[in-house]
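Welcome! Let's take a friendly walk through a protein chain, one part at a time. Have a look at the picture, then read on.

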Amino acid sequence: MQAMIPRSARSIAFVNAALLSVLAFGQAPAALPDDPACTPTDRKFMERAYELARYATTHGGAPFGAVLVKDGVVIAEYSNCEISTGDVTKHAETGLISTFSPKISRATFGAATLYTSSEPCTMCCGSIRFAGIKKVVYGTTEVQFLRVMGIPPDPNPLNAREVFARTAPATQVLGPLMEEEGLVIHKAYWPSHKFAPDGT
Ligand SMILES: [Zn+2]
């Protein structure tokens, strides 16, 4: 665990520096570069997460999708469906964990990687933590898609890396990945849809 602490600190510094460079350039977010730690395999599963995000937009959900992968095999998928269900916990990540945790052992969760189309919110970080998932790869950075939604960025955003660094430091967080593709999905959806005033 000790080895994870400096790596997390470096990751947080990397992301914050990248975000500051973006926030200096007005309202239209430009895609952040891929996390250099991501691999071609990560890209393959992120593509599936983005497919699930696009699916959600035509099946009662907001544009978010998640994929759980173990040993190179998809073992669970979920598309956001909070609109059709009226259930605010049906985010892609928490919905996946809630649906599949009765069927998937904690050992399997612990050996799996969760790919999510957008950076997990604090609720989903908690679900991921309590499921025991130890590796998360996200596509689109939260402050980036919040800007697409028209929500001004928080001057001191709490990103997923910081949440995990303080609550579950053994969890590895990678991202952003293929953010340009993710922002296209958000830009196609939010201008014609409503969202809660607090951005949830
Ligand atoms: Zn969430």
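Axes are lines fitted to C-alpha atoms, for helices over the stretch in contact, and angles run from 0 to 180 degrees between N-to-C directions.

On the H6 side, the contact is made by Thr122, Cys125 and Arg129, while H8 brings Ala160, Val163, Phe164 and Thr167. Two residues are in contact if their C-beta atoms, placed from the backbone, lie within 7 Å. The residues of this contact divide into four nonpolar, two polar and one charged. Here Ala, Val, Leu, Ile, Met, Phe, Trp, Tyr, Cys and Pro count as nonpolar, Asp, Glu, Lys and Arg as charged, and the others, Gly among them, as polar.

## About the model

Please keep in mind that this is a predicted model: local features need pLDDT of at least 70, side-chain atom pairs count only at pLDDT 80 or more, and totals for chains, interfaces and linings use all residues. Residues are numbered from 1 along each chain as its sequence is written.

## The whole chain

The protein chain has nine helices and five strands. Both are DSSP runs numbered from the N terminus: helices are H or I with at least four residues, strands are E with at least two. Of the 200 residues of the chain, 42% count as buried. A residue is buried if 20 or more other C-beta atoms lie within 10 Å of its own, exposed if 12 or fewer, and partly exposed in between, with C-beta atoms placed from the backbone.

## The sheet

In what order do the five strands form their open sheet? The order is E2-E1-E3-E4-E5, with mixed pairing. Strand E2 (73–79) and strand E5 (172–174) stand at the edges with a single partner strand each, so one side of each has no neighbour in the sheet. From one strand to the next, the twist averages 20 degrees. Two strands pair if DSSP finds at least two bridges between them.

Strand E1 (residues 65–70) pairs with strand E3 (residues 113–118) in the antiparallel sense over four bridges. Ala66 stands opposite Thr116 in E3, and Leu68 has Leu114 of E3 as its bridge partner. E3 and E4 pair in the parallel sense over five bridges; Tyr115 has Val137 of E4 as its bridge partner, and Ser118 has Thr140 of E4.

## What is covered

Are these strands covered or exposed? E3 is mostly covered, with six of its six residues buried. Strand E4 (residues 135–140) is mostly covered too, with five of its six residues buried.

The buried residues of helix H4 are Ala92, Glu93, Thr94, Gly95, Leu96 and Ile97. Their cover includes E1, E2, E3 and H6.
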